[in-house]
Amino acid sequence: MITTGCLFILVTLALALLRAVRGPSVYDRIVAVNTFGTMIVLLLVLLGFLTDRPEFEDIALLYVLINFASTIAVLKFVKYSSLAGPGADRGASPKGGTAP
Amino acid sequence: MSLILDILSWACIVVGGIFCLLSGIGLLRLPDVFTRMHAASLGDTLGAGLVLLGLLLQAGIGADLVGVKLILILVFLLFTSPVATHALAHAALLDGIVPWTRHGRPPDARLAPEDPDEDGFLADARDDLEAGTTAPRPPQES
């Protein structure tokens, strides 16, 4: 039964990858990559049960958080062309760091 | 008792997998960023929730906290996925992507003024296009 779930999720991964390649706007690609990350988490948990290795769940736990942070980071980079925030490339940043 | 748990767990995992598959199909076939986000959220909530619930039924709490980790994954997923989707929809809307409606894309719908316009969407879109503001603009940073 776990194999069936793995199969469904693998097909979903292929469909999300196709949308990420084809997506007309950058937001389509971000949605597809976000879904891809969620499905990877589910696949990791299922594989941990399938191969009887509970360590995979720790990786999945970490991947959930990295997926969220990476989505927000890519979104911010697309929106402001910089990870430092709006207006950071127009002059010195408020904290004295170097602008990219 | 163990058989009942196995059957329940099997049903949860398979139904969750089917929901994931539906979200993938929707991601590929729906016409717009916002509708695709709607399809993606289906897999994030029902798909992930049912698959993790099925595995939780099979694992119990377990010796090395397997069930606790499953619940933690579910909680993190349920917190982060709506936040990411909301930020994405907000950014897409601020970027000027006009949502798809049943009249088609608003620039195409503008070309057929004889269409029935019950909810006034076309008139609003036409006014916005004439005024040059097809979408709310981001607030100007000082």
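Helix axes here are lines fitted to C-alpha atoms over the stretch in contact, and angles run from 0 to 180 degrees between N-to-C directions. Helices (H or I, at least four residues) and strands (E, at least two) are DSSP runs, numbered from the N terminus. The model is a predicted one, in which local features need pLDDT of at least 70 and side-chain atom pairs count only at pLDDT 80 or more, while totals for chains, interfaces and linings use all residues. Residues are numbered from 1 along each chain as its sequence is written, and chains are lettered from A in the order in which they are written.

Buried residues (20 or more other C-beta atoms within 10 Å of the residue's own, against 12 or fewer for exposed ones and a number in between for partly exposed ones, with C-beta atoms placed from the backbone) make up 33% of the 100 residues in chain A. Two residues are in contact if their C-beta atoms, placed from the backbone, lie within 7 Å. Among contacts in chain A between residues at least 6 apart in sequence, 34% join residues at least 24 apart.

An unreviewed UniProt entry places the feature "transmembrane region" at residues 30-50 and 59-78 of chain A; UniProt positions are given in the numbering used here, feature names are shortened, and annotations may be inferred rather than shown by experiment. In the model, residues 30-50 of chain A are 100% helix and 0% strand, with end C-alpha atoms 30 Å apart. Residues 59-78 of chain A are likewise 100% helix and 0% strand, and their end C-alpha atoms are 28 Å apart. Val78(A) lies in helix 3 (residues 55-80) of chain A. Val78(A) is partly exposed because 15 other C-beta atoms lie within 10 Å.

The buried residues of helix 3 of chain B include Leu70(B), Ile73(B), Leu77(B) and Leu88(B). The buried residues of this helix pack against helix 2 (26-50) and helix 3 of chain A, together with helix 2 of chain B. Gly96(B), whose phi is positive, near 95°, follows helix 3 of chain B.

Within chain B, helix 2 and helix 3 pack at an angle of about 175°, with their axes 10 Å apart. The two helices of chain B are therefore roughly antiparallel to each other, a term for angles over 145 degrees. Among the residues that meet are Phe34(B) and Leu52(B) in helix 2 of chain B, and Leu74(B) and Ala89(B) in helix 3 of chain B. The residues of this contact divide into 17 nonpolar, five polar and one charged.

Methods:
Angles under 35 degrees count as roughly parallel, over 145 as roughly antiparallel, 65 to 115 as roughly perpendicular and the rest as oblique. Ala, Val, Leu, Ile, Met, Phe, Trp, Tyr, Cys and Pro count as nonpolar, Asp, Glu, Lys and Arg as charged, and the others, Gly among them, as polar.
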